[in-house]
Amino acid sequence: MPPSPTRQLCEFLAEFRLSDVPTPVVERTKDLFLDWIASAIAGKDAPAITKLQSFASAMGPAEGRAEVLVDRRRTSPWFAALVNGAASHVVEQDDVHNGSVLHPGAVVFPAVLAAAQQEGHDGAALLTAAIAGYEAGIRIGEYMGRSHYRVFHTTGTVGTLAAAAGVAKLYGLDADGFNQAFGSAGTQAAGLWEFLRDAADSKQLHTAKAAANGLMAAWLAREGFTGARRILEGDQGMAAGMSSDADPARLTDGLGSRWATAETSFKFFASCRHTHPAADALKALMQREELAPQRIARVVAHVHQGAIDVLGPVVNPKTIHQAKFSMGTVLGLVAWHGHAGLLEFETHALGDPRVAAFRERVTMVRDDEVDTAYPRQWIGRVTVETDDGRTLHGRVDVPKGDPGNTLSRDELEAKAGQLAAFRQGADETEIRRIIARVWALEQADSVADWLPPAARSEQNRQQR
């Protein structure tokens, strides 16, 4: 009998080395790491994050080797992964892979960085582990299919296995060890979309627990703790309970030749990725037609069903974070303020009556072409009716941030600077130092101390 798809995936993950990975993929992984660490720093002082920090302070050790980026404390790897995983997801600027509808960075990097700091690994080991986490998570997300995403937040569920794969690679586990780690990770996989209706903080808990529990699953596998070997495809496994269209072939698609890590997209807008294609299309249409926002009477966003499932429940957003899941709010910010970035959300998403009025003029409709292309391709289409009776159409086939329309390193550096400055999570000198370190990560002897500890940082600021 040939090995199962899960076993083939485990064997690949255990056996590949950084030297096997094409240079462009390694370079893209560094891009993704910079994007992640800056997103985590931007989570400083977000209400949901401060509550998780309080939990970590009360329940976790007061010192350790693993770094909590938002408060510069040092603690155990599990608690560092928990807080960093939540912090990197809260401002909605972290990466996303289209085909799996997974935010890999927010779950993989918190786990592998915390484990690497605890174990004293170098930059090359961190990169290798991150690639393993991305390759596993993306393929498992694709395997679980579109039906899974309708109810389950894939980053919370599949993300637990992605984090486990990254840490298992860092620990040097063999194929059986990966299999055991997947078993323990999969049985903990959770994350439901219901929170969107209540403006609840659960989305941050999803990434927090996925990162921390994935790390725990790999640690336990290293100790010989066993997990279900068929956690993905077994009769009572993840697909059986969480999917109706699982495709085992996706687990092994192009192993060793297709590096899914490089397919990951960066976020240009600070909102749910489902809003980005339409926002890009509206922005392009307004520029092309030199159309002022007050001339827009109605907007129809032509979307895939997944966008309706996720964004549809948000009718009247009550918080800034919930507004990031409101198609009308995002399009209103783009129309009236030219962008839907961090500052636009903070300043205008809830307080600008023009944005609120624009939101009421936006509707979403399922479009057959857009839905058929999804999730492989996220097409942006809008129809705009003007106050003088015209009907205009906008379309973007490759939204800003996708691999075919990616952010350059200059743009990523600028984005990192904006994220660091957002809540003064890092000053300009600190973020420039982080950027330089990331670009040379494969040569780094250590991945410790990305930011100085809190007491030393405050002393440095007073001296300046």
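Buried, throughout this tour, means a relative accessible area under 20%, exposed means over 50%, and partly exposed is in between, with a 1.4 Å probe and protein chains only. The model is predicted, so local features need pLDDT of at least 70 and side-chain atom pairs count only at pLDDT 80 or more, while totals for chains, interfaces and linings use all residues. Residues are numbered from 1 along each chain as its sequence is written, and side-chain values use heavy atoms, with hydrogens and water left out.

**First stop: a buried pair**

Select Glu142 and Arg258, both of which are buried. Their side chains meet in a salt bridge (2.8 Å, N to O), a term that stands for a side-chain nitrogen of Lys or Arg within 4 Å of a carboxyl oxygen of Asp or Glu. Glu142 belongs to helix α6 and Arg258 to the loop between α10 and α11, so the pair ties together parts that are 116 residues apart in sequence. Helices (H or I, at least four residues) and strands (E, at least two) are DSSP runs, numbered from the N terminus.

**Second stop: the nonpolar core**

Next, colour the largest nonpolar core, which has 154 residues, and pick out Leu13, Phe182 and Trp450, the members that touch the most others. Such a core is a set of buried Ala, Val, Leu, Ile, Met, Phe, Trp, Tyr and Cys residues joined through side-chain atoms within 4.5 Å. Helix α6 (residues 123-151) gives the largest share of this core, 13 residues, and at least three residues come from each of domain 1 (5-266) and domain 2 (273-396). In soluble globular proteins, nonpolar side chains tend to be buried together.

Stay with Leu13 and show its contacts (heavy atoms within 4.5 Å): leaving aside residues up to four places away in sequence, Leu13 touches Ala132, Glu135, Ala136, Ala165, Lys169, Phe178 and Phe182. Then widen the selection to helix α1 (residues 5-15), whose buried residues are Thr6, Leu9, Cys10, Phe12, Leu13 and Ala14. The cover over these buried residues includes α6, α7 (154-171) and α8 (175-186).

Colour domain 1 (5-266) and domain 2 (273-396) separately, as the domain assignment of the chain gives them; the bounds come from an automatic or database domain assignment. Their C-alpha centres lie 30 Å apart, and the contact takes 20 residues from domain 1 and 19 residues from domain 2. Between them the two domains bury about 1700 Å², 62% of it on carbon and sulfur atoms, where buried area is the accessible area (1.4 Å probe) that two parts lose on being put together, summed over both. In domain 1, the residues that lose the most area to domain 2 are Asn98, Arg146 and Leu196, which together account for 35% of what that side buries.

Now show the side chains of Asp371 and Arg146, which meet in a salt bridge (2.6 Å, N to O); the count of salt bridges between domain 1 and domain 2 is one. On the side of domain 1 that touches domain 2, α6 and α9 (202-222) each supply at least two residues, and the largest share, three residues, comes from α6.

Move on to Tyr374, placed in the loop between α17 (368-373) and β5 (380-386). Tyr374 counts as buried because its relative accessible area is 5%. Apart from residues up to four places away in sequence, Tyr374 touches Val101, Arg146, Tyr149, His274, His304 and Gly306. Gln305 is 69 residues from Tyr374 in sequence, yet the two are 8.8 Å apart in space, C-alpha to C-alpha.

**Last stop: other salt bridges**

Across the model the count comes to 40 salt bridges. Select Asp449 and Arg74, whose side chains meet at 3.0 Å, N to O; Asp449 lies in the loop between α19 (428-439) and α20 (454-463) and Arg74 in strand β2 (residues 73-75), 375 residues apart. Asp449 is partly exposed at 44% relative accessibility, whereas Arg74, at 13%, is buried.

Then select Glu92 and Lys267, which form a salt bridge through their side chains (2.8 Å, N to O). Glu92 sits in the loop between α4 (77-87) and α5 (105-119) and Lys267 in the loop between α10 (238-242) and α11 (276-289), so this pair ties together parts 175 residues apart in sequence. Glu92 is buried at 0% relative accessibility, and Lys267 is buried with a relative accessible area of 1%.

To finish, select Glu27, Arg28, Lys30, Asp31, Arg409 and Glu442, which are linked in a network of salt bridges.
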